[in-house]
Amino acid sequence: MIESISKSKVFGGWHKQYQHMSATLNSSMRFAIYLPPEASFDNPVPVMYWLSGLTCTDENFMQKAGAFRVAAELGIAIVAPDTSPRGDAVANDEAYDLGQGAGFYVNATQAPWKAHYQMYDYVVSELPALIEEHFPVTAIKSIAGHSMGGHGALVIGLRNPANYQSISAFSPISHPSVVPWGQKALTHYLGANTDAWQQYDATLLLNSGKATRPMLVDVGEADPFLDEQLKPELLAQAAASHDSPLQLRMHAGYDHSYFFISSFIDDHLRFHARYLLQS
C-alpha cells in the first residue's frame, strides 16, 4: 500500500511523491518518482534510480537538479528515495553524518541501527519491486547518486550488475574505508571489523576484479571535500587495475553543490539512456 503525498505536472510528465510502510526498514518511508509524458501501462519506461547525499531527502534532487526536461525528452522515469528510515522510533544521532538522513546505503548489523537501517536491501529489492508493481515502468534500470549517494550508487551497481544497465555518480565518497565520513558510518553500522566494510567500498570492489557495467563519475575540482572525503583518484586507479569501464571527469571551478549537479545532469541522463533504451 502506497499513499500519495503530492503531484505536479512538469514538462508534460508528472512528479509524484508517496509514502509507504517498508517491511525492510521497519518504518515509514518516502520516495518520489518522475514519469515522462509517454509513460503508461501500455508503454512502460525504464528507470534511473537516484540516491542522494548526507542530510538530503527525496526532495533535494527532484527540486534542484533540473533533470525533468531531458528525462521527458528521453522517456526515462526517475525514482528518488529518502536517504534513511525516519521517525521517533528510528535510532538517530545529533551529528549530521550519522543516523537519520545518513543511512549510507548499507545493511546495518550493529545495535541500535540494525532494527531499521537496511538501506541496501531497500534500494536493491523492496523499492524496485514496489515501483514496478504500482507504476508504468519496466524492470530495466540504471543507478546514480551524489556524495554519500554516489557511494551507494557505485556499490549497489557494482554488486548487482544484472540489475543495472549503467552507473553514474557526482562527487562520490569513493573509498569510504579510508575517509572520516565512511569510517564513522561503517564503524557504527557494521562494527569495528573492517573486513565487513569491504562489500560497501567501491574502490575495494573495483580492486577485486573487472566491472562489467559502464560508469560515469563527475567531480568538481573546487569541491571542499575532495581531498579528505572523496578521493576519486583512488577509484580511478582501482578501475584501471582491471580495465573496468570508468570515465572520471574532473571539472575546474565546480564544488559539491546542486549547482554542480544541475550543470551536468543532462550528460548523466543521456549516458544512462544509451544503455536503458537499447535493452
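Reply: Two strands are taken to pair if DSSP finds at least two bridges between them. Please keep in mind that this is a predicted model.

Me: How many bridges join strand S3 to strand S5, and do the two run parallel or antiparallel?

Reply: In general, the strands of a sheet pair through backbone hydrogen bonds, either parallel or antiparallel. Here strand S3 (residues 27–35) and strand S5 (residues 77–81) run antiparallel and are joined by 4 bridges, with Ala32 of the pair standing opposite Ala80 in S5.

Me: In what order do the strands of the sheet lie?

Reply: The sheet is open and has 9 strands, in the order S1-S2-S3-S5-S4-S6-S7-S8-S9, with mixed pairing. Its edges are strand S1 (2–10) and strand S9 (246–251), each of which pairs on one side only, and the twist from one strand to the next averages 20°. Helix H8 (residues 232–241) packs on this sheet, where it touches strand S8 (215–220) and S9, and its direction makes about 155° with that of S9.

Me: Is Glu94 buried or exposed?

Reply: A residue counts as exposed if its relative accessible area is over 50%. Glu94, which is found in the loop between S5 and helix H3 (119–134), has a relative accessible area of 86% and is therefore exposed.

Me: Which residues touch the most other members of the largest nonpolar core?

Reply: Among its 67 residues, they are Phe104, Ile131, Phe135, Ile143 and Tyr189. H3 gives the largest share of this core, 8 residues. Another core, of 27 residues, lies apart from it and includes Phe61 and Leu269.

Notes. Residues are numbered from 1 along each chain as its sequence is written. This is a predicted model: local features need pLDDT of at least 70, side-chain atom pairs count only at pLDDT 80 or more; totals for chains, interfaces and linings use all residues. Side-chain values use heavy atoms; hydrogens and water are left out. Axes are lines fitted to C-alpha atoms, for helices over the stretch in contact, and angles run from 0 to 180 degrees between N-to-C directions. Contact means heavy atoms within 4.5 Å. Buried means under 20% relative accessible area, exposed over 50%, partly exposed in between (1.4 Å probe, protein chains only). A nonpolar core is a set of buried Ala, Val, Leu, Ile, Met, Phe, Trp, Tyr and Cys residues joined through side-chain atoms within 4.5 Å.
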